[in-house]
Amino acid sequence: MRAKRGLRVLAGMVVMSAGLIAVAQQPNADDIVWQKSVAKYDKQRTAVLADVDKAAHEGPFQPSWDSLKGYKIPEWYQDAKFGIFIHWGVYSVPAFGNEWYPRNMYVQGSPEFKHEVETYGPQTKFGYKDFIPMFKAQDFDAKAWAALFKESGVQYVIPVAEHHDGFQMYNSNLSDWCAAKMGPKQDIIGELRTAILAEGLHFGASSHRAEHYWFMNGGRQFPSDVQDPKYASFYGPAHVGIDPDKDQTGHPDTAYLNDWLARSGEIVERYHPELMYFDWWVEQDTFQPYLQRFAAFYYNEAAKNGQQVVLFRKNNAFPDGTTVLDIERGQLDKIREQHWQTDTSVSQKSWGYIKGDTYKSPESIVWQLIDIVSKNGNLLLNIGPKSDGTIPEEAQSILKHMGAWLKVNGDAIYGTRPWTVYGEGPTKVVAGSFNDADTKPYTAQDIRFTTKGKTLYAIAMGWPADGKLVIHSLGEGGGFKVGNVSLLGASGAIHFTQESDGLHLELPAQAPGDYAYSFKISPPGE
């Protein structure tokens, strides 16, 4: 059962007034080995947790769902519409399968297991840790990345600070296994933050640490370096008994939950992100009081520092109204009153870089952005850089094409709000997660609407072959009297007639650009 309110932790159990809802995992022998391996950082961890709990009770929010429902989504975020997600880490070195390579290389029978043994040798001789010295990031240029992001038209950037593999891409005081101390020996997140802010963009961070509790547990099923106590602080806990392919539930022990909260708090204290993203496994009931503590801490710290911040959730990790809903590789089929976000990737197979991945077309991503914005959402578009620190040419090309389209059509996207209906036309979106590739190609008859003040924008997802377009939602007597129509990127007014069956437009001979076309429609006198 999901927790709703009044949570507290007693005797290792998460409880509320209605009774018991979840029992925290009692640490097994492997968990205790991990706890001992990270004990050198107990003092620092305790200090961060004290900061978190102090701030969580000092400010406009308290660590309860009722209090956190006072959160308001910032206007700047609702105006921004388009952001970049970055999955980059040690997993870009093998560049095989997907970003779950560190787990799957220890899952017997998987393609990654076979590839690992054939390419690098048995996991007792060469484990995931051995990729770290190969992760050099020698061509990484944070300023060049940020300039590309600016050119692409994005307004915020969210790099993954720590993925499921447990390797932090920042300078951590809670672990030795981080990019500032190993591999690149650079504070990747810190350098990106500086460059991103210098371009006038908003900076965020993402933590996928929760899943690390069990992520490497395949290595306990056969002889591997995961079982070597020397590497427990990196691989551990690698808790046996949780398999996300069969059962996505599980209850981490208190020590791990405290470590998760401390690492999350450290990211906020060190880098002050304006956006914070957690991946899916924080939905487990035992995370609930820790999520409350983090959210109150994050929101109160932001208030103290004059920031307006965004915290994302997937599914039911947080109650509605306390955070921004994020839908992975999917979208909605109607307008949502509360602002929301889709996160998806330019690549088809993996969030991180892999050799031989396939990429989406710029056209399909522009269409997706338009559809999402018309339904009161934002698009967070992921790229996966290579281990040398370069962004694949295919990804760069997509971002540059997005930027070129937004340079012409940005007025119909940035700072807009949804109209009374999101659009019209024959093509229907398949709602929900993990199906954004299921929507069929759009046509010129597919129209999406956005508004800004008294101005209505109608964005056609194609250019009519006959040079004529009818917008049926704007028929005479429909409530919107049309006074003027222009086409973004084109000079002069568009000839129109508003008839009973819709607004009839006569288009210029040449389309102003590619992919989709934005008509600015104003009432009389505007």
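Me: How much of the protein counts as buried?
Reply: 60% of its 526 residues do. Buried means under 20% relative accessible area, exposed over 50% and partly exposed in between, with a 1.4 Å probe and protein chains only.

Me: What am I looking at, and what are the ground rules?
Reply: This is a predicted model, in which local features need pLDDT of at least 70 and side-chain atom pairs count only at pLDDT 80 or more, while totals for chains, interfaces and linings use all residues. Residues are numbered from 1 along each chain as its sequence is written, and side-chain values use heavy atoms, with hydrogens and water left out.

Me: How many helices and strands are there?
Reply: The protein has 14 helices and 19 strands. Both are DSSP runs numbered from the N terminus: helices are H or I with at least four residues, strands E with at least two.

Me: Why call it as compact as a globular protein of that length?
Reply: Its radius of gyration is 25 Å, close to the 24 Å from the globule rule for 526 residues, so the protein is as compact as a globular one of that length. The radius is taken over C-alpha atoms, and the rule is 2.2 Å times the number of residues to the power 0.38.

Me: And what does the C-alpha trace span?
Reply: About 75 × 55 × 40 Å along the principal axes.

Me: Which strands close into a barrel?
Reply: Eight of them do, in the order β4-β5-β6-β7-β8-β9-β10-β11, with parallel pairing. Two strands pair if DSSP finds at least two bridges between them. From one strand to the next the twist averages 25 degrees; axes are lines fitted to C-alpha atoms, and angles run from 0 to 180 degrees between N-to-C directions.

Me: Take β6 and β7. How many bridges?
Reply: Four, in the parallel sense, between β6 (residues 202-207) and β7 (residues 275-278). Ser207 of that pair stands opposite Phe278 in β7.

Me: Which residues lie nearest its centre?
Reply: Trp280, Lys314, Glu328, Trp351 and Phe434, out of 26 in the lining of the largest pocket. Strand β9 (residues 324-328) gives the most to that lining, with four residues.

Me: How does the lining of the largest pocket split by class?
Reply: Eight nonpolar, nine polar and nine charged. Ala, Val, Leu, Ile, Met, Phe, Trp, Tyr, Cys and Pro count as nonpolar, Asp, Glu, Lys and Arg as charged, and the others, Gly among them, as polar.

Me: How much space is in the second largest pocket?
Reply: About 310 Å³. Its lining has 15 residues, with Ser364, Trp367, Asp436, Ala437 and Thr439 closest to the centre. By class that lining is five nonpolar, six polar and four charged.

Me: How many cavities of 30 Å³ or more?
Reply: Five. The largest cavity has a volume of about 60 Å³. It is lined by 13 residues, of which Ser347, Gly352, Tyr353, Tyr359 and Gly384 are closest to its centre. That lining divides into eight nonpolar, four polar and one charged.

Me: What about the open sheet, what is its strand order?
Reply: β15-β18-β17, with antiparallel pairing. The edge strands are β15 (468-471) and β17 (495-499), each pairing on one side only. Neighbouring strands of this sheet are turned by 20 degrees on average, direction ignored.

Me: How are β17 and β18 connected?
Reply: A hairpin joins them through two residues. Five bridges link β17 to β18 (residues 502-506); Glu499 stands opposite Gly502 and Thr497 opposite His504. On the other pairing, β15 and β18 share four bridges, and Ile471 faces Leu503 in β18.

Me: Last one: is Ser522 buried or exposed?
Reply: Buried, because its relative accessibility is 6%. Ser522 is in strand β19 (residues 517-522). Val482 is 40 residues from Ser522 in sequence and 6.0 Å away in space, C-alpha to C-alpha.

Technical notes:
1 Å grid on protein atoms, 1.4 Å probe; cavity = no way out; pocket = protein on both sides within 12 Å on 5 of 7 lines; lining within 4 Å. Points joined across faces, edges and corners; volume = space filled by probe spheres on them.
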